[in-house]
Structures are given as C-alpha cells and as structure tokens.
Amino acid sequence: QGPYDFIVDNSTLWFKDYPPWSGDQTGSGTLVYSIDNYERMEVELHSTYTKSKSNQYYAEEPSTMPLPYEDVATTDDDDNNFCWTKHSALAVFVAALPVVLASFALWLKRKAPSMAITVYIGLSACAYFLYLAIVGRNNDSDGFWGWWLTISGALYLVILCDLTHCKRHLARNPLIWGINVSALAFFIGAIILTGILPDIFQSSSSTTVWKWIVFNVFVLIPLVIVGVGYSQIFVLVLCAIGWLMTALKIGSALAALAAPAANVPIYFVVLAISGLLLAGAGWWLNKNQDEFSSVLLYHMERLSLSRKLFPDVELQESPGRDQGDAELQEGEVSA
C-alpha cells in the first residue's frame, strides 16, 4: 500500500502484509516478511501476532519464526477431504448401489445378458467410492484398481463358472457374458498390479523376471483352462495377447544381450516363432476341443459348490409333472 511496504536489500525481498485470514485488510500491513530463496519462495515471518477479542490481529515485538502457511493449508486440506468423503459416500448410495440392485433384479427377472456386466461395474464403483471416502484425495488409484480388478475379477470369474454347474435352471447367457468380463478385469488388473506393461521393452533383471513368471503361471494358465473348458474364444484371445506380451519381453531381453543392429532380426525371429506356436496350438486345440472340454467340465462339476449347496429343483418338480400327465391321459380315456 505504501512506498516502504516493498523493499529489496541484498537479494532479500522485504514486505509488509497482513496475518493469514485477518478480517480488515485495508491500509498497510502490520507484519514484516522476507523471502531469500526465490526458487522455493519460502516466506519467513519477522513479527509475532496475536488475535484480539475484536477478531483483529496486531503485531507484537519482532522475532524470527516461520509463517504458519502450513497450518492454513492443512486446515484447507482437511475441509477438502471432508467434502471429498461426503461426495464419495453420497455417490455410493445415489449412483453405484442402485445400479447393482437394478442390474441384479433385471438379471433374475428378465435374464438380460448384459446385466452380469453392469453388476460388476456397479460393484466396482461401490468399492472405488468407498475407497475414496476412507482415504480421501490423497489416494493411489492405480494401486487400488490393480488389487481390485485382480481379486474381484478372479472371484467373479470363479463364482460364475461355478454357477454354470448349478442344478437349478439359470440363464446361461448372463453367465457367459459375466465370465468374459470378469476374465478381462482379471487380465487387466494383473497387468496393472505386476507393472509388466512398461517393462516390456526394458532389459530384464532379477527384480522383473519374477513378475513375468507370476503373470504366466497364475494368470494365463487359469485363463487357458477357463477358455478351453467353457469354449470361450474371447478368453483364449486374452491368453494369446498375454503370450505375445511375453514374447515381446523375451525379444527385448535377447536384444539387450546383442548389438543394436541385431534388434530388428531378433524381434522378427521371436515374434515369428511365437506366431507359429500360437497357430499350432490353435489348430491342435480346435481338433481336440471337445475332448479337453468334457474332461475339464467333468472335474469342475465335481468341485462345484453351487451344485452341492442348491437342491435339484428340476428333479423335485418332475414327479408332479408326470402325475399330472397321467391324470390327463386317464381323463381322456374315460371320456
């Protein structure tokens, strides 16, 4: 406000200003500040201040103390986190949970195939909004989606595969759609969780090799079993994509050991061999699909929990239906 409120002395900026969140800020400020480091813009307070009964700030004897900007920022962050928590909790009950309930009702009543997808999307939205409500704005979205998609996708896949063996009559189309979507979620979640996608074209090391081993053993092999057992082409396509990713990683590891001029031939040979192996596996699987599928389904049916927990409704209703048909035939004969 005045000519002496802003002074530069020996590369140090001195200025007068008001305390944080003071009410009346007309006229010249009463506190003295300085800035030495212009890159970090660290402000140092050279006065102390207290708050009077009339909510006015006034300066006391000069002293050196840091400006309480951190306390102000902390209070502001607390308010923002509180608003974030309220909005996230509201989104659970207003948007995510109604989607789950409506999709589940349409799944049971109308047997709509896409309802298995919307149920999983609604459950994922519920989990994410709850995570935001608990953690706040300082969250790790990539870490959450890596763990959530991997665990929930695997559980959803196992549950839907198990329900295909249930003795009760269940619509098969929603189960098939759900199996494909859960397999996709499991596949993407495993990639995010292991972090293998940015590592494809980097030189291999002992810290990254185990990730590819885990991905191939615990992700691709179960997906191959599901794809073959339930004759799901989409799941097998995911397995083929995973194998091509592994082939690219093998090519990058071999290229790191050779001269830069040999990178293109190495990638060409590795991808060519991988393509031939995939083509041969597809031809052999197409030839023996029925045999493998019957064997896998037999073992999965023996391990099915839903088949053991739920009664055989169709067998219970069949005697009544046969008795009604016999009575109807007797009535026609007597007539």
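This is a short talk that walks through one predicted protein structure, from its overall layout to a few single residues.

Hi everyone, and thanks for coming. Two notes before we start. The model is predicted, so local features need pLDDT of at least 70 and side-chain atom pairs count only at pLDDT 80 or more, while totals for chains, interfaces and linings use all residues. Residues are numbered from 1 along each chain as its sequence is written, and side-chain values use heavy atoms, with hydrogens and water left out.

Let's begin with the overall layout. The protein chain has 10 helices and 5 strands. Of the 335 residues, 32% count as buried. Buried means under 20% relative accessible area, exposed means over 50%, and partly exposed is in between, using a 1.4 Å probe and protein chains only. Now for contacts, meaning heavy atoms within 4.5 Å. Among those between residues at least 6 apart in sequence, 55% join residues at least 24 apart.

Next, the inside. A nonpolar core is a set of buried Ala, Val, Leu, Ile, Met, Phe, Trp, Tyr and Cys residues joined through side-chain atoms within 4.5 Å. The largest one here has 33 residues, and Trp107, Phe187, Phe215 and Leu223 have the most contacts inside it. Which helices supply it with at least two residues each? They are α2 (115–135), α3 (141–163), α4, α5 and α6. The biggest giver is α4, with 9 residues.

On to charged pairs. How many salt bridges does a search of the whole structure find? The search gives 2, where a salt bridge is a side-chain nitrogen of Lys or Arg within 4 Å of a carboxyl oxygen of Asp or Glu. One joins the side chains of Asp199 and Lys249, at 3.2 Å from N to O. Asp199 sits in the loop between α4 (172–194) and α5 (206–229), and Lys249 in helix α6 (residues 233–257), so this pair ties together parts that are 50 residues apart in sequence. Are these two buried or exposed? Both Asp199 and Lys249 are buried.

The other pair is Glu301 with Arg307, whose closest N and O atoms are 3.3 Å apart. Here Glu301 is partly exposed at 33% relative accessibility, and Arg307 is partly exposed at 28%.

What about disulfides? A disulfide is a pair of cysteine sulfur atoms within 2.5 Å, and the search finds 0 of them. As for individual cysteines, Cys126 is buried at 9%, and Cys161 is buried at 7%.

Now let's look at two helices. The expected span is 1.5 Å times one less than the number of residues. The buried residues of α7 are Ile266, Val270, Ser274 and Leu285.

Helix α8 (residues 289–303) has 15 residues and reaches 21 Å from first C-alpha to last, close to the 21 Å expected. Its buried residues are Gln289, Ser293 and Met300. They cover an arc of only 40 degrees around the axis, which puts them on the same side of α8; the arc is that of the directions from the helix axis to the C-beta atoms. The face turned away from that buried side carries the exposed residues Glu291 and Arg302.

To finish, a few single residues. Leu305 is in helix α9 (residues 305–309) and is exposed, at 54%. Leu305 and Asp162 are 143 residues apart in sequence but 6.8 Å apart in space, C-alpha to C-alpha.

Lys111, which is not a glycine, has a positive phi of about 55 degrees. Lys111 lies in the loop between α1 (69–109) and α2 and is partly exposed at 40%. Ser231 is not a glycine and also has a positive phi of about 55 degrees. Its place is the loop between α5 and α6, and Ser231 is partly exposed at 41%.

Methods
Helix = DSSP H or I, 4+ residues; strand = E, 2+ residues; numbered from the N terminus.
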